[in-house]
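I opened the model to look up a few points of its fold. My notes follow the display.

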Amino acid sequence: MSVRAVTVLAALALAGCAAGERPQPAVSPAAEVQGPLVAPNPYPATYRPPAAGRVALVGATVLTAAGDEIANGTVLMDRGKIVAVGPDLAVPDGYARIDARGRWITPGVIDAHSHLGVWSQPDTVEANNDVNEMTDPNTAQVWAEHSVWPQDPGFDTAREAGVTTMMVLPGSANLFGGRTVTLKNVPSVTMQGMKFPGAPYGLKIACGENPKRVYGGRGRSPATRMGNVAGYRKAWIDAQDYARRQDKWEKGGRVGDGPKRDLQLETLAGVLKGEILVQNHCYRADEMANMIDIAREFGFSIRAFHHANEAYKIAPLLAKEDICVATWASWWGYKMEVYDALEENAALVHAAGGCAIIHSDDAILVQHLNQEAAAALSSAWRAGIPIARADAIRWITANPAKALGIADKVGTLEPGKNADVVLWSADPFSIYARAEKVWIDGAVVFDRADPACRRHSDLLLGQPGDTQ
Amino acid sequence: MIRAFVAALLACALGAPAGAETVAITGGRVVTVAGGGDIAKGTVLVRDGRIVAVGANVAVPPDARIIDATGKVVTPGLVASGTALGLIEVRTVEATDDRGSGAPGLSAAFDAGYGLNPDSMLIPVARLGGITRAIATPAYNDRPGRELLFAGQAAAVVLDGTPMLMRRGVAMVLEMGDAGAERAGGARAAELVALRAIFAEVRDYKIRRAAYDRGETRSYTLSRSDLEALIPVVEGRMPLLVSVNRASDIRDVLEMARSERLKLILEGASEGWRVAPDIAAAGVPVLVTPVENTPASFEALGATLTNARRLAEAGVTVAIQGNGNHREREMRYNAGNAVANGLDWRAGLAAITINPARIFGLADRIGSLEPGKDGDVVVWDGDPLDTLSRPIAVLIRGVPQPMQSRATELRDRYLPGVLPPANGDKP
């Protein structure tokens, strides 16, 4: 028996909860390529899907996020992938059968806007606040992943609520906040052990009140919204220049010294080349329209507007531009630019044919994304907009997967996708539904019935904290 | 004519709203949150702003306005505690934020019953979440170098767009634990010592008021208005509402209240479940926000989704709060989450109706569907604790409220431009 086979068997022998295995720190693996980035990928993911067997979930109501609601549905997972989903499927030999009658199944929940790990619990402790590099309006050179603390207890509570993937962003104090990172919500001692293999980077851009308040308050630019726009444009002009010089050197056969690497411009140039996705914090409709024009002026595209509480005012434009809208149902009024927020925002974006997302931006709300989507859904019903559960589930699964650039891997329960699955005790749009079991890549990462695979954060070990 | 005028004046004096009439809510599942329990197909009859009958066989007068609640759920109006309703419009627009004062010499005397704005856009939003009454609660306005132990006095308010004040001085608000310690100089012990000194000072002032006005007493650290405001607190007439989280802090507060003979309400109480029997034995009610389960500070490491359930099981009177400021409408979802984590459903509904009414001394008027109480009634299209349900009618003092808010008006302005046919970028 080979050493490799022994390892595989040992992994399979784990009692039901792959997350009980504590991943080892990264040991300089072969450089993993995350697409043709401007620079090589110096902080590669060390996450590898654990060995997973064949599992059949039988008899549930299934929301695949890629079609109609399936009654009495069966979901087949084989070695970390979805292999079949349908009503009354026969369960082939070799599958461990889980009775899911009376329960509901959805894809793993994806949070398109998280600060878990970069603004960790206890979040009133200043030492745990690594979210905003509030030292310059342009900090495109910082990467959120270098702030991520994998021991943030918020990862555990999010996992218990069915959240399997999240994009962690820098804060919104700056015009350019830095690079985002997409994480798998698996217990890990290192950030690299959570990093979603193959997920593209994002660039956090912020509109509106925050940058002008932070820097205007210091007597610096930007102090106004027009100052914000001047700041973006100057940066893109510099990035175009940088990209041009680098291209010239590359195409000229790399003769002589190339242009010196500039981390800030490298990230911006990555956007211009379409390798890094723009994730734009922007509340007001008029500002979103300005950002679309800026993107046109410099030849890049915006992947998603975040918060975007006025998206409903320009929903057809956003649908036409194919820009996702990541928003809330309940949050409003905490500043002027969010005074016009509606519970129906996501529904109106959806009704216009756009890509609507319910996101959290919060360590508590991330545990209730299904409920926040439900509030958005019932607001749509109140407004006379008929939206089915099977469509609304996309707001917290397939659509955030699209915004994060990982829709080919996760977000729906379709054959070939990663087996990121949530088994809910009830209709996930009900307030009473709780995640009973959660799989990532076919491995159980949470089981409400098994205390061994619940809390992992070292912070709470030995503390008076409850584990119930 | 004159008689009608006098009658109208009398009606105003009694607090009955203009336009009160007889309203019958018929055929719904009536959850009284009172001794009457649930009535499968019941009628709630409201006349001149008051509930006059609740039951399965209530005769409906011919002149009554009928609200058909067949297949619906009928509950008392919800009561939100710990809110900024009437005190805030946009959080970062300081001129619209009247939750607290930075004025020196005004701590306990600050009274949230003044300056309330019934035209606030937050009020219809809360009302569309079934909330009909609230406790407008002061918040600290900390300024550098300022000692401010008390945030001030909370007021009970009504959310029907008329002048809001229902009852002034329903609680004195105090933050202890981390934040209180910081205000008192940086340590928990400092705050506890300072508070005891203040209570002694108030008792001293109380028996020497005349001498004080003649300038014949020792000097006090508090202003005259603060001393006056604290008299009902040291007399145990006005509850001291203490925001506190750590188990040991809760024990300290319970001990302080016992020895100072104060009436106490706890708020927050993240680790309340760890000392639930002590809280229950002291007969102290608790205001909790069940979804706040993050260990957000070292005083809340034990925060858990099961807090509300465990407190209730220990016999504590629990009221469930919303998510503050603009997010009070989520209060019922918070109750639903507590139920999802084991709290009895009826206890969950009581925690947003009769319990807050009792805790703030308002249960003679609101909190349940019983004859004699104000006609605050909500008709729901489903389970009132569920995200998928919405109110279809909200009555306050017998008057059906508009089912609109500025947000629904904005929705209706933009909806035609969104629904097909799509018409480009100009709605």
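**Notebook: sheet and helix**

I looked up M167(A) and found that its bridge partner in β8(A) is T182(A). The model is predicted: local features need pLDDT of at least 70, side-chain atom pairs count only at pLDDT 80 or more, and totals for chains, interfaces and linings use all residues. Residues are numbered from 1 along each chain as its sequence is written, while chains are lettered from A and ligands numbered from 1 in the order in which they are written.

I then checked the strands around that pair. β7 (163–168) and β8 (176–184) of chain A run antiparallel and are joined by four bridges. I took strands (E, at least two residues) and helices (H or I, at least four) as DSSP runs numbered from the N terminus; two strands pair if DSSP finds at least two bridges between them. Chain A has an open sheet of eight strands with mixed pairing, in the order β6-β7-β8-β9-β10-β11-β12-β13. Its edge strands, β6 (109–114) and β13 (356–358), each pair on one side only.

Next I turned to α6 (224–234) of chain B, where D226(B), L227(B), A229(B), L230(B), V233(B) and V234(B) are buried (20 or more other C-beta atoms within 10 Å of the residue's own, C-beta atoms being placed from the backbone). These buried residues fall within an arc of 165 degrees seen down the axis of α6(B), so they line one face of the helix; the arc is that of the directions from the helix axis to the C-beta atoms. G236(B) follows α6(B) and has a positive phi, near 75 degrees.

Last, I noted that 54% of the 427 residues of chain B count as buried.

Terms used:
Buried ≥ 20, exposed ≤ 12 C-beta atoms within 10 Å, placed from the backbone.
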